[in-house]
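Here are my notes on the model, point by point. Please read them with the coordinates open.

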Amino acid sequence: MNRARRFGTVIGLVVLCAILWILTPYFLTVSNLLNVAEQTSINAIVAVGMTFVILSAGIDLSVGSIVAFAGVVLGLALRGDQPLAVALALALATGVVCGLVNGLLVSVGDLPPFIVTLGTMSIARGAALLVTEGRPISGFAPSFRVLATGRVGFVPAPVIATAVVYLAAHVALTRTTFGRYVYAIGGNEEATRLSGVAVRFHKAMIYAVSGLMSAIAAVILTARLNSAQPIAGMMYELDAIAATVIGGTSLMGGDGTLAGTLVGALIMGVLRNGLNLLGVSSFLQQIVIGGVIVVAVLLDTMLKRNRM
Amino acid sequence: MNRRVLFAAVLIFSCASCNRAAPATGAGGKPTVALVLKTLNHPFFVDMRRGAQEAADRLGVTLQVQAAEREIDVEKQMQIVENMIQTGIQALAITPSGSREIVSALVKARDAKVPIVVVDTRLDPKAAADAGVHAETFVGSDNYEGGKLAGEYLVKATGGKARVGILEGIPGHETGDSRLRGFRDAVKGAAGVAIVASQPANWERDQGFNVFQNMLQAHPEIDSVFACSDLMALGAVEAIRAAGKTGAIRVVGFDALDDAKKAIASGSMEASVAQFPAEMGRAAIESAVKVIHGEKLPDEIKVKLELVTRDNVK
């Protein structure tokens, strides 16, 4: 059913790559494509959580702030000479707890996700600034930094992490009852509740997944910059929403795929990279990226109408 | 239909696998220099670009200017550096958005054998040394000296008696921290000068307004302001106007932006430390070209500073 749409975004990506290949000799090289994949990984991972949330007809505006908060928790733990495994666990737990708070406020508190996550966006950002006194924490051991700088064969570690995250999330979404409930809640929450599904529990879990994804992204970002910044991750929510929507997930919930989101994130990454390679003015870049988002949604809507 | 699409995709990618990349030489075999700025929505960096472009035209090099959308977005700046390296630039001039963070990107420039010229904001020496990153030179004003200039002026202008509120830049930024240190060191000697509040306003005009408005609520005795940048100073000027205290509070800023000069001429602002961003841009590109030609550069190229007051404002 949504195969035509999924291919729509893939075609979009292929066309985009073809255009850039024609316009600049630097685009289609192995090193540049790996470069794009590495640059896309953070947004792609945050967008996994966003896809879960949007599929359930919710929204999560707090992802960028959670990236910052989980990042500084990680940074402080590493600074405090905690073993790497403990520091990573603390960071991931921070993300999950933040997500759970969102989820419980949305499900048990029965509040609109937009408002809840708008509030927690500010709370998590403030918490990140508070615990660091506004200063970045930087300079970590190579054993940690390898999470961003390392390579397996010739593939950068963040790309491997992204692949693993997508595989796991894809399985969770398509092969488990939890995944089915994500779609069901987004499709018709009331009907799902009436058929005996613990909707509140599952909604809380959905936001927890989003928090976890933000924390994973925070680990990669912190390793990449060799610094945990309390001001990191600003506007990540918009990039993640854009990747999800370009990837064909309906903002009304119930319809969409993770493969689409990955393609959506790649489209944004390729676009930014290509515009840099072409030396396009940074102001024009913003216009182009915004235009692509609008066109993608427009195409999506038109395809949907044709199907009916 | 799906199969045809896949076929087309495979075709395109396999055609492309023939490597077409060659070192970046702009039109007519000119070398390409990249100038990566913190942002382009600040007059300081717009001026810097203008100076750089003039130098590039004069010296016959192709200049690629890129910047992140927001000044604090060091990850985006890192992406830009990575992308520019892919185009085979011969030299990289950069104003780091983060003194430590950007080192990770510069490691990639070093590995690609692209010489680095650092402009305006220094690299963190320890982070650079740990990563084995070496900048050919640093082009910029001494922000510490600038802060000191502002502090000394304030001590003199107030006759050594002042209650000072400070608007800081983003905490942890070398530029703002140095200006602040310079200012504090200059007023330390004056017993009658007390710093009663010091808060970050993150380089922004609207935050300068809000933060200073709040400061004034808590400390109505404030009679002098030092802002680490003119945008924040101009925000404070507006907050002072809103409080009906124009003329009663001295505002000293940094950067001598056009708007600040107008405010100084009209008397709503007292002074500003002038930097010469166009000069920095020019010196940065000249240095980059020298490096490309194999010339050795001094560790530091200092660009002058000047205090603009009502007496010398143009």
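1. Chain A holds 13 helices and four strands. These elements are DSSP runs, numbered from the N terminus: helices are H or I with at least four residues, strands are E with at least two. The model is predicted: local features need pLDDT of at least 70, side-chain atom pairs count only at pLDDT 80 or more, and totals for chains, interfaces and linings use all residues. Residues are numbered from 1 along each chain as its sequence is written, while chains are lettered from A and ligands numbered from 1 in the order in which they are written.

2. Overall dimensions of chain A. The C-alpha atoms fill a box of roughly 60 × 55 × 35 Å along the principal axes. A compact globule of 308 residues would have a radius of gyration near 19 Å, and chain A, at 19 Å, therefore agrees. That radius is taken over C-alpha atoms, and the globule rule is 2.2 Å times the number of residues to the power 0.38.

3. Burial and contacts in chain A. Of its 308 residues, 53% count as buried. Buried requires 20 or more other C-beta atoms within 10 Å of the residue's own; exposed is 12 or fewer, partly exposed is in between, and C-beta atoms are placed from the backbone. Among contacts in chain A with a separation of 6 or more, 79% join residues 24 or more positions apart. Two residues are in contact if their C-beta atoms, placed from the backbone, lie within 7 Å.

4. Helices α3 (residues 63–79) and α4 (residues 84–107) of chain A. They pack at an angle of about 155°, with axes 8 Å apart. Axes are lines fitted to C-alpha atoms, for helices over the stretch in contact; angles run from 0 to 180 degrees between N-to-C directions. The pair α3(A) and α4(A) is therefore roughly antiparallel. The classes are: under 35 degrees roughly parallel, over 145 roughly antiparallel, 65 to 115 roughly perpendicular, the rest oblique. The crossing of α3(A) and α4(A) is right-handed. A crossing is right-handed if the near helix is turned clockwise from the far one by less than a right angle, and left-handed if anticlockwise. Contact residues include A:Phe69 and A:Val73 of α3(A), and A:Leu90 and A:Cys98 of α4(A). By class, this contact has twelve nonpolar, two polar and no charged residues. Ala, Val, Leu, Ile, Met, Phe, Trp, Tyr, Cys and Pro count as nonpolar, Asp, Glu, Lys and Arg as charged, and the others, Gly among them, as polar.

5. The contact between the chains. It takes 33 residues from chain A and 35 residues from chain B. On the chain A side, elements giving two or more residues include α2 (30–55) and α10 (199–225). α1(A) gives the most, with five residues. That side has 14 nonpolar, 15 polar and four charged residues.

6. Helices α8 (residues 205–218) and α9 (residues 230–242) of chain B. Their angle is about 45°, and their axes lie 7 Å apart. α8(B) and α9(B) are therefore oblique. Their crossing is right-handed. Among the contact residues are B:Phe209 and B:Phe212 of α8(B) and B:Met232 of α9(B). The contact of α8(B) with α9(B) has ten nonpolar, four polar and three charged residues.

7. α9(B) also packs on α10 (residues 258–266) of chain B, at about 40° with axes 9 Å apart. α9(B) and α10(B) are therefore oblique. This crossing is left-handed. B:Asp230, B:Ala233, B:Leu234 and B:Val237 in α9(B) meet B:Asp259, B:Ala260 and B:Ala263 in α10(B). Five of these residues are nonpolar, none polar and two charged.
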